[in-house]
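Here is a friendly walk through one protein model. Have a look at the sequence and the fold before reading on.

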Amino acid sequence: MGRSSGAIPTEPADHRHQLAEVILAESRRAGLSRGSRLPTERQLAVDLGVTRTSVRGALMVLEAEGRISREVGRGTFLRGAPWPQNGSTEDGAAAGQPGGAEAGFAPADVMAIRRLLEPPAMRLVVAWATAADFEEMARCLAGGERALSYDEFESWDLALHRAIMAASHSPLLTRLYAVIEEARHGRVWGDLKRRSASRDRQHAYQADHRQLVAALRARDADRAVEAMRGHLARVAGHLFDEPA
């Protein structure tokens, strides 16, 4: 399958995630399982009655979430998810009310809670992260490095933060973060983030990510906490014109 040309998809993030779930549901209905190859972008677009651009955006989301892998010259394959999806716990219980994050949480509220929750959580990640967790972080970092568009980078950014929080191996923390993630999927957050986006800021975020993952790998809790705190301060500054 070919890579994106770098054009920004027109669909909001919530539409891309909805289509991603439809693709997975149709794959299950067709009897596909882990390791199975998905139809081509063109065939998915025909089967689902959507544009190839929409399919490409949904597949980008699924790749960032670790639910598919793309292999040049071979195709796109289903893979097992490394963590619960859509705010569910391992036994399938829902985290929060459907649509609650988008309807009730303002971006400033989301950002404030992120700054309270994520930096201290780095101590848990330092204590409990496994080799597999660091491999997943590396996958997400690599995805961010090769991102050609705002939407693609944003998907990998979200995936990296999710992978880091999942590495705490705290079911409660993972479930709490799933609510934050739902807010990040929403139109209000997405529109605000897009307006503040630039290539230079994307590079700065990616440098922050590399520094954070390096601190976690080194099991340096103090440095990891400060790296996450500094990164979120940078994001808040760009979103709300706050001083870093």
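Predicted model: local features only at pLDDT ≥ 70, side-chain atom pairs only at ≥ 80, totals over all residues.

Residues are numbered from 1 along each chain as its sequence is written, and side-chain values use heavy atoms, with hydrogens and water left out.

The structure contains 2 cavities of 30 Å³ or more (a cavity is a set of points on a 1 Å grid over the protein atoms alone where a 1.4 Å probe fits but cannot get out; lining residues have an atom within 4 Å of a point). The second largest cavity holds about 40 Å³ of space, the volume being the space filled by probe spheres set on the points. Among its lining residues are R114, D157, H161 and W189. By type, the lining divides into 2 nonpolar, 2 polar and 4 charged residues.

| Helix | Residues |
|---|---|
| α7 | 150-166 |
| α9 | 187-196 |
| α11 | 221-240 |

With 20 residues, α11 reaches 28 Å from its first C-alpha to its last, close to the 28 Å expected at 1.5 Å a residue (1.5 Å times one less than the number of residues).

Elsewhere, T76 sits in strand β2 (residues 75-78), a strand being a DSSP run of E with at least two residues. T76 counts as buried because its relative accessibility is 1%, where buried means under 20% (1.4 Å probe, protein chains only). Its C-alpha atom is separated by 9.3 Å from that of E41, 35 residues apart along the chain.

Methods:
1 Å grid on protein atoms, 1.4 Å probe; cavity = no way out; pocket = protein on both sides within 12 Å on 5 of 7 lines; lining within 4 Å. Helix = DSSP H or I, 4+ residues; strand = E, 2+ residues; numbered from the N terminus. Nonpolar A, V, L, I, M, F, W, Y, C, P; charged D, E, K, R; others polar. Buried < 20%, exposed > 50% of the residue type's maximum accessible area, 1.4 Å probe, protein only.
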